[in-house]
Amino acid sequence: MEGGGGASNGGMLYHEVQESKLCAVHCVNTVLQGPFFSEFDLAALASDLDSTERQMMLGSATGDFLPHLSHNVSLDGDFSIQVLQKALEVWDLQVIPLDSPVAEPAQIDPESENAFICHLEDHWFCIRKVNGEWYNFDSLYAAPEHLSKFYLSAYLDSLKGFGWSIFLVRGNFPKECPMTSSEAPNGYGQWLSPDDAERITKSCNSPSNPRASRMQHLSDPHVPYSDEDEDLKAAIAASLMDSTPEIKAEVGTLESENKNTNSKA
């Protein structure tokens with residue numbers, strides 16, 4: 001559970017708007033409520049998982065494991081649930097399928113939890129409680145959308161009905177993320193007040209809003225990639241071929257800092 005005291009991040013909401021197909025990155029960061037991971041950090045984790053899986057599967061008689069392919073990240077930036085789990089484990093957070101027995105209390109009373117991760121095909125997003133209020137942090141939205149406590153359960157049921165996989169996130173969530181400005185250094189994240197988020201959401205509800213067409217473009221897998229998407233493919237491919245020590249060191253530093261923080265708590 002989140003710690004007590006004042007409102008986290010000064011009462012601000014951290015939201016990331018869709019960049020290429022990096023919804024898994026956006027999902028992890030909005031769960032943590034800060035720009036803690038980049039696509040290269042997740043690619044390094046995916047590479048580590050691939051290496052472990054190769055060691056386990058090479059020589060297997062099944063013949064269905066292709067060692068030259070990544071089973072944890074696609075070239076367009078879609079990461080597996082195992083990568084998201086590894087990233088959140090850095091912060092001592094557990095990712096649990098909502099339909100598992102251990103998550104039964106969350107099925108009955110989801111409002112008592114703090115975060116859910118939702119996945120369908122190649123899209124990830126999180127539903128997160130921040131300062132006692134629930135928000136949908138879908139990166140296809142221009143701002144987090146407020147969900148009433150009464151609507152939360154019905155919304156989760158609706159997602160399940162449409163085939164979404166839902167995961168519960170439990171543990172000690174980061175309380176604060178240092179903010180030097182309203183915009184995050186990654187270029188697609190920003191901190192918003194609840195009032196600003198509500199205002200942006202209302203202004204974007206119009207079908208004629210040009211942002212709606214951009215979101216449709218990003219969610220349609222048949223739309224050709226832009227030059228930015230091609231650059232992302234190349235960068236992730238290079239990262240998978242040789243995960244740089246700097247990236248691994250950064251993830252290790254995050255893990256070390258988090259353990260130090262927890263030991264002081």
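Helices and strands here are DSSP runs, numbered from the N terminus: a helix is a run of H or I with at least four residues, a strand a run of E with at least two. Two strands pair if DSSP finds at least two bridges between them. This is a predicted model, in which local features need pLDDT of at least 70 and side-chain atom pairs count only at pLDDT 80 or more, while totals for chains, interfaces and linings use all residues. Residues are numbered from 1 along each chain as its sequence is written, and side-chain values use heavy atoms, with hydrogens and water left out.

Let's start with some strands. Strand β4 covers residues 123-130, and β4 pairs with β5 (residues 133-136) in the antiparallel sense over four bridges. Two residues sit between the strands of this hairpin, and there Asn-131 takes a positive phi near 55 degrees. Look across from Lys-129 and you'll find its bridge partner in β5, Trp-134. Now go to β6 (residues 145-147): β5 pairs with β6 too, in the antiparallel sense and over three bridges. Here Trp-134 stands opposite Leu-147.

Back in β4, have a look at His-123. With a relative accessible area of 12%, His-123 is buried; that word means under 20% relative accessible area, exposed means over 50%, and partly exposed is in between (1.4 Å probe, protein chains only). The His-123 side chain makes a polar contact with the side chain of Asp-138, at 2.9 Å. A polar contact is a pair of N or O atoms within 3.5 Å; within protein, one must be able to donate a hydrogen and the other to accept it, and residues adjacent in sequence count only if both atoms are side-chain atoms. If you leave aside neighbours within four places in sequence, His-123 is in contact (heavy atoms within 4.5 Å) with Gln-18, Cys-23, Cys-118, Asp-138, Ser-139, Leu-140 and Trp-164.

Next come the cores. A nonpolar core is a set of buried Ala, Val, Leu, Ile, Met, Phe, Trp, Tyr and Cys residues joined through side-chain atoms within 4.5 Å. The largest one has 46 residues, and Phe-37, Leu-42, Phe-79, Leu-84, Leu-88, Ile-117 and Trp-124 touch the most other members. Helix α1 (residues 23-32) gives the most to this core: seven residues. Another core lies apart from it, with 17 residues, including Leu-98 and Tyr-155.

What about the cysteines? A disulfide is a covalent bond between the sulfur atoms of two cysteines. Here one counts if the two sulfur atoms are within 2.5 Å, and the count comes to zero.

Helix α6 (residues 194-203) has two faces to explore. Its buried residues are Ala-197, Ile-200 and Thr-201. They are on the same side of α6 because they cover an arc of only 100 degrees around the axis, judged by the directions from the helix axis to the C-beta atoms. What covers them includes β1 (13-16), β6 and β8 (189-192). On the face turned away from the buried side, you'll see the exposed residues Asp-195, Arg-199 and Lys-202.

Finally, find Glu-183 in the loop between β7 (165-171) and β8. Glu-183 is exposed, at 56% relative accessible area.
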